[in-house]
Amino acid sequence: MSDTMALLASQWASQSGWEIIAVVLALAYVWLAARQNIWCWPCALVSTAIYSWLFWEHTLPLQTVLNVYYLGMAVYGWWHWRALANNDNDNGEKEVTTRPLAYHLVAVVTLLLISILLAGVLRPYFNAQFLYVDALVTVFSLFTTYLVTQKVLENWLYWIVINMLAAWLYWQSGLLLTAVLFLGYFGFAVYGYIKWRGSYLNQSPSPYAA
């Protein structure tokens, strides 16, 4: 236990100011997204821009590509929430939507197959012990970020699983501070689901709205 605490303290001391800013903004993004606040997207934009640079500096090309994707989705999310808000209700807030179980079953099976295929393709080029888990986290994160932009309620259920897998992955890789961050994301995902479900149940009936 003392070794773990010492490692956490060491990693915290070695953090750059930019990394701390990125973490704070990432937490702000999740909290604001859970509250359906459109300002979550500027927080995501700046946070992922910093992470894109940090991952590139640390020679993590796949994580850089993922964060560049997040950059684009932050811009799209801002535009989509803003453009459609007034079409949904009087207070300018885009309503929460949902998708049928069959949609999610097809999505999960498809994403699992893509993850396995991606890890298999990359395996000859990377000596990574947790490559398949890394692929799962990456592929499902890409899809789930899109669900957030569409305000699909079930996105939070995906994030609950993704964040737990990511926390385990980072912990096993020795990135203890990042693992703790993703445990925090897990709590925010539970909070987000509760908040969005409450909003969905209070809306006028419009099942499976796009």
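**Surface, core and cysteines**

Author: Let us begin at the surface, where Trp18, Ile21 and Trp53 make a nonpolar patch of about 340 Å². Such patches consist of residues with over 30% relative accessible area and no salt bridge, like charges being joined within 9 Å and nonpolar side chains (Val, Leu, Ile, Met, Phe, Trp, Tyr) within 5 Å. A salt bridge is a side-chain nitrogen of Lys or Arg within 4 Å of a carboxyl oxygen of Asp or Glu. Areas come from the Shrake-Rupley method with a 1.4 Å probe, and for residues only the protein chains shown count as cover. The model is predicted: local features need pLDDT of at least 70, side-chain atom pairs count only at pLDDT 80 or more, and totals for chains, interfaces and linings use all residues. Residues are numbered from 1 along each chain as its sequence is written, and side-chain values use heavy atoms, with hydrogens and water left out.

Reader: Is Trp18 buried, partly exposed or exposed?

Author: Buried means under 20% relative accessible area, exposed over 50%, and partly exposed in between (1.4 Å probe, protein chains only). Trp18 has 48% and is therefore partly exposed. Trp18 belongs to helix α2, residues 17-34; helices (H or I, at least four residues) and strands (E, at least two) are DSSP runs, numbered from the N terminus. The protein has eight helices and zero strands.

Reader: Which residues have the most contacts inside the largest nonpolar core?

Author: In soluble globular proteins, nonpolar side chains tend to be buried together. A nonpolar core is a set of buried Ala, Val, Leu, Ile, Met, Phe, Trp, Tyr and Cys residues joined through side-chain atoms within 4.5 Å. Here the largest has 48 residues, and those with the most contacts inside it are Tyr29, Cys40, Trp41, Tyr51, Trp156, Tyr158 and Trp159. The largest share of this core, nine residues, is supplied by α7. Beyond its neighbours within four places in sequence, Tyr29 is in contact (heavy atoms within 4.5 Å) with Cys40, Trp41, Cys43, Ala44 and Val148.

Reader: How many disulfides are there?

Author: A disulfide is a covalent bond between the sulfur atoms of two cysteines. The rule applied is a pair of cysteine sulfur atoms within 2.5 Å, and the count is zero. For Cys40, the nearest cysteine sulfur is that of Cys43, 7.7 Å away. Cys40 is buried because its relative accessible area is 0%, and Cys43 also counts as buried, at 14%.
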